[in-house]
Amino acid sequence: MDASPPLQSPPLVNWDALDALVLDFARSDRLVLPPASPSPPSSPSSSSTTTATSSSVPSSSSSYRSRLVIRRARRALEEGDVDATLALLRAHAPAALLDHRLLFHLHKQRFVELVRRGTETDREASLDCLRTALAPCALDAYPEAYEEFKHILLVLIYDKDDQSSPVANEWSIKKRFELAGLLSSILRAHLQAYDPNLSMALRYLISIHKVLCSRQGISSPISDLIDQLLFDDRDPPAIPQECSLEAPPFDEVDVQALAHAVELTRQGAVDSLKFAKGDLYQAFQNELCRMKLDLSLLDKLVHEYCIYRGIVEGGSHVLPGLECNSQCNDLNSVDKQETNIETRIECEITNNQNGDCSTSDITHHDSWSRRLRRVRSSTSGQRRRKRWRGRVDDLGYACEISFDANKHDILSSSLDMDEDEMIVKPDLVADSSLSDGRNNQDQKYEVILEMRDLTRKGMTSKVVEEINSMDPDFFSQNPILLFQLKQVEFLKLVASGDHGAALRVASTHLGPLAASNQALLKPLKETLVTLIQPSEDVLMKAVSLPVLASSLQIAMSRRLGIEEPQLMKIVRTTLHTHSEWFRLQMCKDRFEHFLQIDSLKEVDPSMGSRNTLKALTDECANGSSQITTCSSGKVLHEGGSPQVSSEVACDENAILKVMEFLALPRSDAIQLLMQYNGNAEAVIQQIFS
């Protein structure tokens with residue numbers, strides 16, 4: 001068995017951009033409540049803010065209600081309650097019922113479900129369904145519909161348990177789920193109810209990651225996690241209506257871009273563009289949302305990340321009562337990190353070399369405890385983070401086995417509720433050992449987040465002072481972090497004109513650190529040059545403060561035994577493989593800006609030395625999983641050149657022609673063209689001969 005390759009430093013990620021995507025996801029699905037106000041909003045500024053906020057709510061609320069309609073209609077159909085599905089569509093998406101193809105499928109399933117129930121009343125209802133709904137709909141749904149209508153009549157005489165019958169497939173429960181998936185695809189486009197960008201970006205990045213790992217023979221370090229998060233099967237594609245079948249030819253660039261972005265055949269991409277009336281990005285969204293995500297797992301990953309990044313309050317602030325409700329439908333997220341960390345709480349201050357607890361930790365524990373007490377008194381009533389609400393929008397419905405007709409009115413009214421009406425009233429946190437443990441855990445997060453926020457503000461000298469008072473050994477284990485923090489302090493002093501104090505910082509801290517680490521000599525020289533530069537240019541030499549703040553947070557969290565959120569691992573790894581994939585394709589991703597993937601990669605390289613930034617990343621990635629490891633034991637290096645020669649420049653039209661005729665990925669088409677001097681006809685002729 002091959003020896004494990006050395007760990008590779010992960011690429012830098014703009015965590016602030018991920019924060020924005022995560023917060024948008026949490027708000028869009030109403031997973032969070034606004035921060036608690038310390039006093040009633042009585043001031044004019046408060047009322048104006050409320051007005052401004054409420055004016056922006058309708059579009060978000062409309063999208064939320066539409067997605068809720070789709071989820072509920074889907075679940076009702078999966079449970080065989082076609083009447084509930086039809087009631088929802090009539091109330092909230094009547095335009096969808098103008099699609100006679102869809103309507104025919106729904107009536108056909110309704111007929112099967114009525115026969116399945118087996119009572120005399122239901123049998124009469126099934127015959128009435130045949131006469132009044134199914135037969136008339138079969139006449140103009142689509143050319144094959146009448147033949148399907150005659151075939152479905154066999155359900156009346158063949159038993160549902162007869163696997164050899166000609167209608168065994170019609171009896172299958174799987175048919176419900178296929179129709180529910182088709183309905184979701186159609187409704188999503190009708191209502192323009194697409195998932196938040198985070199959800200779609202994860203689908204896209206994970207699917208690319210899986211394809212690259214498969215094609216390059218690479219074993220993924222996050223395979224277990226992403227296999228649980230993104231399922232292999234997809235919802236059926238929405239079929240374009242007859243009037244769309246004679247659509248004008250689409251640009252082959254669009255067809256190939258869509259086909260290879262979401263793994264479709266060429267004809268599948270053409271059909272998807274027809275359904276979207278030629279809108280490439282709408283077709284792309286339609287196809288992405290067909291990929292099935294485990295929503296409950298995604299909620300957990302988002303909750304874990306939100307606590308880690310200080311977006312929401314800690315575990316002790318989760319609204320009580322939601323956990324037991326979530327057992328009913330497994331949609332409410334529970335922070336996995338809290339329970340894992342509490343088992344390691346006695347080993348807060350660990351040695352990074354061996355990870356064992358030592359007797360010296362007692363002193364450090366006392367320092368941290370004193371700091372925690374200060375945080376408890378200083379931050380009480382001041383933090384304005386959001387509270388985690390969880391996915392409670394359809395708890396009552398999810399717990400029902402059936403959906404009776406008399407519940408339709410209740411459901412319709414609940415879908416029309418405003419956001420404020422749907423907020424769950426918080427109760428007092430129970431006084432228990434569990435809440436005490438969570439409070440202790442929350443205070444640890446408060447310390448780390450306070451240090452992060454001070455770093456973002458450039459108050460690095462205070463950060464160093466505070467951390468040294470809490471844990472004198474921290475910077476001996478993280479010397480490059482100390483160099484970066486002191487570098488910011490030095491540059492601020494130079495910018496203010498206090499060169500004497502700046503030189504004292506350099507001689508006391510920067511010089512000794514560079515003497516013990518050769519990689520810091522060049523950044524030290526570049527830093528000292530700022531003494532003779534204009535003051536307005538000085539701070540441009542410092543490392544980006546958000547990058548430094550995030551790196552400090554990661555290092556402090558690891559020091560306290562707090563694991564990095566799994567969402568960060570997924571994003572870091574899949575962003576790396578996304579870059580590698582498009583290097584191999586020798587083109588730019590047409591969809592990365594649309595999904596804000598480019599913003600996740602935007603870490604300003606002009607601020608600070610690239611060498612120290614890379615060294616800082618290496619240090620903060622210590623102990624993290626490697627990015628991608630080849631099955632042969634090789635490492636797929638970040639920034640490595642693609643395995644394609646560039647001696648022959650291939651014409652774009654030739655690339656598209658080979659991709660179209662041979663149904664090949666772009667990288668394979670380029671490799672073939674290079675073998676035949678860029679001649680597409682020669683490639684095609686050789687393959688078919």
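This is a predicted model: local features need pLDDT of at least 70, side-chain atom pairs count only at pLDDT 80 or more; totals for chains, interfaces and linings use all residues.
Sorted by class, the contact of H4 with H5 is made up of 5 nonpolar, 3 polar and 3 charged residues.

**How H4 and H5 pack**

- Helix H4 covers residues 82-92 and helix H5 covers residues 100-117, and their axes lie 9 Å apart at an angle of about 150 degrees.
- Because angles over 145 degrees count as roughly antiparallel, H4 and H5 are described as roughly antiparallel to each other.

**How H10 and H14 cross**

- The axes of helix H10, residues 197-216, and helix H14 come within 9 Å, and they cross at roughly 75 degrees.
- Since a crossing angle from 65 to 115 degrees counts as roughly perpendicular, H10 is roughly perpendicular to H14.
- On the H10 side the residues in contact are Met200, Arg203 and Tyr204, and these meet Phe284, Gln285, Leu288 and Cys289 in H14.
- The contact of H10 with H14 divides by class into 5 nonpolar, 1 polar and 1 charged residues.

**Cavities inside the model**

- When the whole structure is searched, 5 cavities of 30 Å³ or more are found, and the largest cavity has a volume of about 60 Å³.
- The lining of the largest cavity consists of Ser185, Ala238, Ser272, Phe275, Asn286, Glu287 and Arg290, and the elements that give two or more residues to this lining are helix H13 (266-275) and helix H14 (280-290).
- Helix H14, which also takes part in the contact with H10, provides the largest share of the lining of the largest cavity, namely 3 residues.
- By class, the lining of the largest cavity holds 2 nonpolar, 3 polar and 2 charged residues.

**Two loop residues with positive phi**

- Most residues other than glycine have a negative phi, which gives the background for the two cases that follow.
- Arg30 is not a glycine, yet its phi is positive, at about 55 degrees, and this residue sits in the loop between helix H1 (15-28) and strand S1 (32-33).
- Arg30 has a relative accessible area of 4%, and because a value under 20% counts as buried, Arg30 is classed as buried.
- Glu263, also a residue other than glycine, has a positive phi near 55 degrees, and its place is in the loop between helix H12 (252-261) and H13.

Terms used. Residues are numbered from 1 along each chain as its sequence is written. Side-chain values use heavy atoms; hydrogens and water are left out. On a 1 Å grid over the protein atoms alone, a cavity is a set of points where a 1.4 Å probe fits but cannot get out, and a pocket is an open set with protein on both sides within 12 Å along at least five of seven lines; lining residues have an atom within 4 Å of a point. Grid points are joined across faces, edges and corners, and a volume is the space filled by probe spheres set on the points. Helices (H or I, at least four residues) and strands (E, at least two) are DSSP runs, numbered from the N terminus. Ala, Val, Leu, Ile, Met, Phe, Trp, Tyr, Cys and Pro count as nonpolar, Asp, Glu, Lys and Arg as charged, and the others, Gly among them, as polar. Buried means under 20% relative accessible area, exposed over 50%, partly exposed in between (1.4 Å probe, protein chains only). Axes are lines fitted to C-alpha atoms, for helices over the stretch in contact, and angles run from 0 to 180 degrees between N-to-C directions. Angles under 35 degrees count as roughly parallel, over 145 as roughly antiparallel, 65 to 115 as roughly perpendicular and the rest as oblique. Contact means heavy atoms within 4.5 Å.
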